[in-house]
Amino acid sequence: MKTLKNLVGIGIVLFVFYSFTTFIQEEWIVPEKYINMKNPTNPSEDLDIGKSLYSKHCKSCHGKEGYGDGPKADEQEGDLGDFSSEEFQTQTDGAIFYKSTFGRDDMPEYTKKMPDDEDRWLIVNYMRTLAE
């Protein structure tokens, strides 16, 4: 009986620790270098290219309108974000570029699939058009 109590106690401690670490990992830390990074592209140019790249690389998870409701969204863990939301849109272009480039958890890294930084910046520009 004592062993069972110990196992239950250990299980509870592990559950609390897991819940706590999951909560901590929810915040996506963006290095200051990227937060302050300036977008080198003109946001009013090449939006069709940005939209095309978004459709090819992002739409399957994030959805056509950026609501996080794409056909593959249910296969992903965690919040896919809502690109139309004020919370998303208040991020700097550099922060969005960083997240889109390096990914985390289910969000893949795109430095190999899209090695040209300009392509990822064009997607950032297109994502800005998804604001409500």
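Where is Asp46 found? I located Asp46 in the loop between α2 and α3, with helices taken as DSSP runs (H or I, at least four residues) numbered from the N terminus.

I noted that this is a predicted model, in which local features need pLDDT of at least 70 and side-chain atom pairs count only at pLDDT 80 or more, while totals for chains, interfaces and linings use all residues. Residues are numbered from 1 along each chain as its sequence is written, and side-chain values use heavy atoms, with hydrogens and water left out.

I looked up the backbone of Asp46 and found a positive phi of about 60 degrees, although Asp46 is not a glycine. Most residues other than glycine have a negative phi. Asp46 has a relative accessible area of 39% and is therefore partly exposed (buried is under 20%, exposed over 50%, partly exposed in between, with a 1.4 Å probe and protein chains only).

I then checked Asp105, in the loop between α6 and α7 (117-128), where phi is also positive, at about 50 degrees. Asp105 counts as exposed because its relative accessibility is 67%.

Next I turned to Lys99 in helix α6 (residues 93-102). Lys99 is buried yet has no salt bridge, the nearest side chain of opposite charge being Glu87, 7.5 Å away; a salt bridge here is a side-chain nitrogen of Lys or Arg within 4 Å of a carboxyl oxygen of Asp or Glu. Not counting residues up to four places away in sequence, I found Lys99 touching Trp28, Val30, Gln91 and Met107 (contact means heavy atoms within 4.5 Å).

Key
Helix = DSSP H or I, 4+ residues; strand = E, 2+ residues; numbered from the N terminus. Lys, Arg positive; Asp, Glu negative; His and termini not counted.
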